[in-house]
Each structure stands twice: as structure tokens, then as C-alpha cells.
Amino acid sequence: MVTYILYIIFFVFFHDTFAYFISDSDNAGQYQNDELLNNPLNQTQSFQKINEMSMIGSEFQVSRIMSVVALNGQGQIVHSLPYPNSLRTIRITANQTNGLFSLMEGTIQVGEGMQLHIHNREDETFCVQEGQIQFRLNNDTFFASKGDCIFAAKRSLMAFRNKNTTGTRVLFFFTPGGIEEYFYKASPYFAQQPPNTNVTDKFAEDYGMELFGMPIWDDAENACETHRLKFFLLFFAIILCYKTNINL
């Protein structure tokens, strides 16, 4: 009986004290949480974690672009230049790469070539798969053979032709993509006989291209042979004049 009375007295006089300690412990925990959140260092770490999660999310978004398998021979065939059988195959389109690039390939016939032009919207990369192509890129004229790749930055002045190599094949990369829309529109007019270049030139302008006409291809080998022939003829004339005692 005495024990129960002592329990009652203890509870009446000391329950407030216990309540204080319990509530203070909860407040202390809340204070520690607030301190952790308000600590600049912890905020930085939290933001880093958030940024890392955002980066992971971005990578996940990129990976959601559908992969493309362009099998040999697949793609839309277009007439790309005002030459007979100047055919290209659009292998991968901007719609398939979320606008990152477009891929085109084709056989360049002997004598076929693209006039001097500038792309104001996209870079163009050429990869020669077979044969040989002559390029004019800004102030340089050169030949590219199988395995060679040429990068032409946007707003570069360029032209190309197949001088005399049969079976020449080239891959064309356009970055960003979208130029295939020009070829879709121009193809029927290039296929006409004769080709309607007035319309195709207007399409080219609409897609950010500037056209300057066919270049005068200055073949280094031909120029060298011409200079040698002129030198030989001059030397022969001097010898002939000397032998015949003609004063120059």
C-alpha cells in the first residue's frame, strides 16, 4: 500500500519534469535537422546530389533517342545534281537522330561534280569509300582517295568532282541534320530532262545555301605539263634562231 502511495506522489510531482526532458529531446533532434539543412556545406552537397540526379536524368533523356540500324541498300533515293544518274541514298535522316545529323551516300559518276557553294546552316563531312574525288575547299584544291575524310565547316566555299575514276563512292554527313528536305524537294526537278535548275537553285537558297557556279579546275599536273611544254618550245626556238644566225 505504501508503495502505491509513493508511486502516486512521484508521478504528481515529477511528471512535468519528465515531459520537459522528452519534449526537449524532440526539439534537439529538430534543431539538429534544421542545422544540417541550413549548413552551407550540407546545402552544397545536397545540390551536388540533385545536380548528379539531374545529369543522370539528362543522360537518360538522350539515351531515349531511338537507335537506328541502316542496312545496306536501305534509304530513300534522290537525284542530287543536274547530271544523268546522279543518285544519292538518304541513309539516316534528322528525324531519326533528333536533328543531330543526316547521312547520305552515293556513287559519283565520272565528270559529275557540285558547283562552288556555301552551306550557312550545317557542316559537311565527306568520307571517300571507293575511288577518288577532287575537292576545292576555300583556297585549296586536292584529291581525296579511298579512306580519306574531309570536314568542311559551315560557310566554307567548296566544290567537288569526279575527274576520271569509275566506281567512286562517298558518304556525306551533315551536322546538324535536315538538308535531306532540300534533296526531297529538288530531286524531281533534277530528274527532268533538261533539269530545271532555276527551281532547284531557289530551293537551295531556302535551305541556306549560296551557289557560285562551276569552278575552273586548275589541275596541277596539267598546269605543270603545260609549263614544261612552253619552256621546251622556247628553248627550241632559241636554238633554231642561233643555228640560223637570226638576231633576236
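Guide: Gladly! Let us begin with a word we need at once: a contact means heavy atoms within 4.5 Å. Please keep in mind that this is a predicted model. Among the contacts in the protein chain with a separation of 6 or more, 67% are accounted for by residues 24 or more positions apart.

Visitor: What is the protein chain made of, in helices and strands?

Guide: The protein chain has 5 helices and 11 strands. Buried residues make up 28% of its 248 residues. The chain exposes about 17000 Å², and carbon and sulfur atoms supply 60% of that area.

Visitor: Why is the pair E112 and R88 called a salt bridge?

Guide: The cut-off is 4 Å between a side-chain nitrogen of Lys or Arg and a carboxyl oxygen of Asp or Glu. For E112 and R88 the N to O distance is 2.6 Å, so the pair meets the definition of a salt bridge. In general, side chains of opposite charge can pair when their charged atoms come close.

Visitor: What makes E112 and R88 a link between parts of the chain?

Guide: E112 lies in the loop between strand 3 and strand 4, while R88 is in strand 2, so the pair ties together parts that are 24 residues apart in sequence.

Visitor: How do you know whether E112 and R88 are buried or exposed?

Guide: Buried means under 20% relative accessible area. E112 has 1% and R88 has 2%, so both residues count as buried.

Visitor: Which salt bridge does R169 form, and what does the pair tie together?

Guide: R169 pairs with E105, and their closest N and O atoms are 3.5 Å apart. R169 lies in strand 10 and E105 in strand 3, so this pair ties together parts that are 64 residues apart in sequence. R169 is partly exposed at 30%, whereas E105 counts as buried at 13%. There is also a network of salt bridges that links R91, E105 and R169.

Visitor: How do you know that K146 and E130 form a salt bridge?

Guide: Their side chains meet at 3.5 Å, N to O, and the cut-off is 4 Å, so the pair qualifies. K146 sits in the loop between strand 7 and strand 8, and E130 in strand 5, 16 residues apart. Exposed means over 50%: K146, at 55%, counts as exposed, and E130, at 36%, counts as partly exposed.

Visitor: How many salt bridges does the structure hold?

Guide: The structure holds 5 salt bridges.

Visitor: Which residues touch the most other members of the largest nonpolar core?

Guide: That core has 28 residues, and F126, F135, F160, F172, I179, Y182 and F183 touch the most other members. Elements that give two or more residues include strand 3, strand 5, strand 10 and helix 4. Helix 3 provides the largest share, 4 residues.

Visitor: What is F172 in contact with?

Guide: Leaving aside neighbours within four places in sequence, the contacts of F172 include R88, E105, F126 and F160.

Technical notes: Residues are numbered from 1 along each chain as its sequence is written. This is a predicted model: local features need pLDDT of at least 70, side-chain atom pairs count only at pLDDT 80 or more; totals for chains, interfaces and linings use all residues. Side-chain values use heavy atoms; hydrogens and water are left out. Buried means under 20% relative accessible area, exposed over 50%, partly exposed in between (1.4 Å probe, protein chains only). A nonpolar core is a set of buried Ala, Val, Leu, Ile, Met, Phe, Trp, Tyr and Cys residues joined through side-chain atoms within 4.5 Å. Accessible areas come from the Shrake-Rupley method with a 1.4 Å probe; for residues, only the protein chains shown count as cover.
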